[in-house]
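Reader: Pick one part of this model and take me through it closely. I want the geometry, the contacts and the setting. Keep it brisk.

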Amino acid sequence: MIHLPDAEATEAFGAALAGALREGDVVALYGALGAGKTTLARGLLRGLGHLGDVASPTFPIVQAYAPPDTRIAVWHVDLYRIEQPAELDEIGLDDARDAAALVIEWPERLPRLWPDALRLTLAVEGESRVLTAQVPPAWGERWPPR
Ligand SMILES: Nc1ncnc2c1ncn2[C@@H]1O[C@H](COP(=O)(O)OP(=O)(O)OP(=O)(O)O)[C@@H](O)[C@H]1O
Ligand SMILES: [Mg+2]
């Protein structure tokens, strides 16, 4: 469990995670509305070098970032509004993994998640968040990020 006392701490955790991130990684961000998934993703994108705003990608569902803006290509994906599995096929996440890291909010909407995804869950406790992780072997040596 990692304690994140405020939004800045959550961004800082995302930035630390960015240092370990590689193309082909999938980071699945679980947590209720307002739990801090986009806040963590914003820190991660800043940690990869992105200087501009980080919009919540609810519409459009994917915000793609690529060098030289970011160290590696990343898709920031928010599946909250997905209703039909066919919409997921159109987005083409499987193919995107070949050349980018994926950071996915509302991964519950996927029929199945890749077994090698890093699963992070944010739970709300007032202004604090408690982050728990399910760490697959692919992340073993990279966890916890520092
Ligand atoms: N410790 C904390 N970590 C992250 N966010 C926090 C924290 N404390 C307060 N906040 C606030 O909670 C809100 C989190 O919003 P955010 O958009 O990151 O959530 P989300 O999980 O992406 O929600 P959604 O499911 O709607 O996409 C922000 O307003 C943020 O400032
Ligand atoms: Mg969000």
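Author: In the protein chain, 49% of the 146 residues count as buried. Buried means under 20% relative accessible area, exposed means over 50%, and partly exposed lies in between, with a 1.4 Å probe and protein chains only. The model is predicted, so local features need pLDDT of at least 70 and side-chain atom pairs need pLDDT 80 or more, while totals for chains, interfaces and linings use all residues. Residues are numbered from 1 along each chain as its sequence is written, chains are lettered from A and ligands numbered from 1 in the order in which they are written, and side-chain values use heavy atoms, without hydrogens and water.

First, the whole chain. The protein chain holds 4 helices and 7 strands. Helices (H or I, at least four residues) and strands (E, at least two) are DSSP runs, numbered from the N terminus. Their order from the N terminus is β-α-β-α-β-β-α-α-β-β-β. The radius of gyration is 14 Å, close to the 15 Å of the globule rule for 146 residues, so the chain is as compact as a globular protein of that length. That radius is taken over C-alpha atoms, and the rule is 2.2 Å times the number of residues to the power 0.38. The C-alpha trace spans about 40 × 35 × 30 Å along its principal axes. Among contacts in the chain with a separation of 6 or more, 60% link residues 24 or more positions apart. Contact means heavy atoms within 4.5 Å.

Now the part itself. Two packed helices are described by the angle between their axes and the distance between the axes. Helix α1 covers residues 7–20 and helix α2 covers residues 37–47. Their axes come within 6 Å and cross at roughly 45°. Axes are lines fitted to C-alpha atoms, for helices over the stretch in contact, and angles run from 0 to 180 degrees between N-to-C directions. The two helices are therefore oblique to each other. Under 35 degrees counts as roughly parallel, over 145 as roughly antiparallel, 65 to 115 as roughly perpendicular, and the rest as oblique. The crossing of α1 and α2 is right-handed. In a right-handed crossing the near helix is turned clockwise from the far one by less than a right angle; anticlockwise makes it left-handed.

Which residues of α1 and α2 meet? From α1 come Ala7, Thr10, Glu11, Phe13, Gly14, Ala15, Leu17 and Ala18. From α2 come Thr39, Leu40, Arg42, Gly43, Leu44, Arg46 and Gly47. By class, this contact has 7 nonpolar, 5 polar and 3 charged residues. Ala, Val, Leu, Ile, Met, Phe, Trp, Tyr, Cys and Pro count as nonpolar, Asp, Glu, Lys and Arg as charged, and the others, Gly among them, as polar.

Next, burial. In α2, 8 of the 11 residues are buried, so this helix is largely enclosed by the rest of the structure. The buried residues of α2 are Lys37, Thr38, Thr39, Leu40, Ala41, Gly43, Leu44 and Leu45. Just after α2, glycine 49 takes a positive phi of about 110°.

Finally, backbone points elsewhere. Tryptophan 106 has a positive phi of about 60°, although it is not a glycine. Tryptophan 106 lies in the loop between β5 (101–105) and β6 (118–125), and counts as buried at 14% relative accessibility. A cis peptide bond joins proline 67 and proline 68, with omega about 5°. Proline 68 sits in the loop between β3 (62–65) and β4 (74–78).
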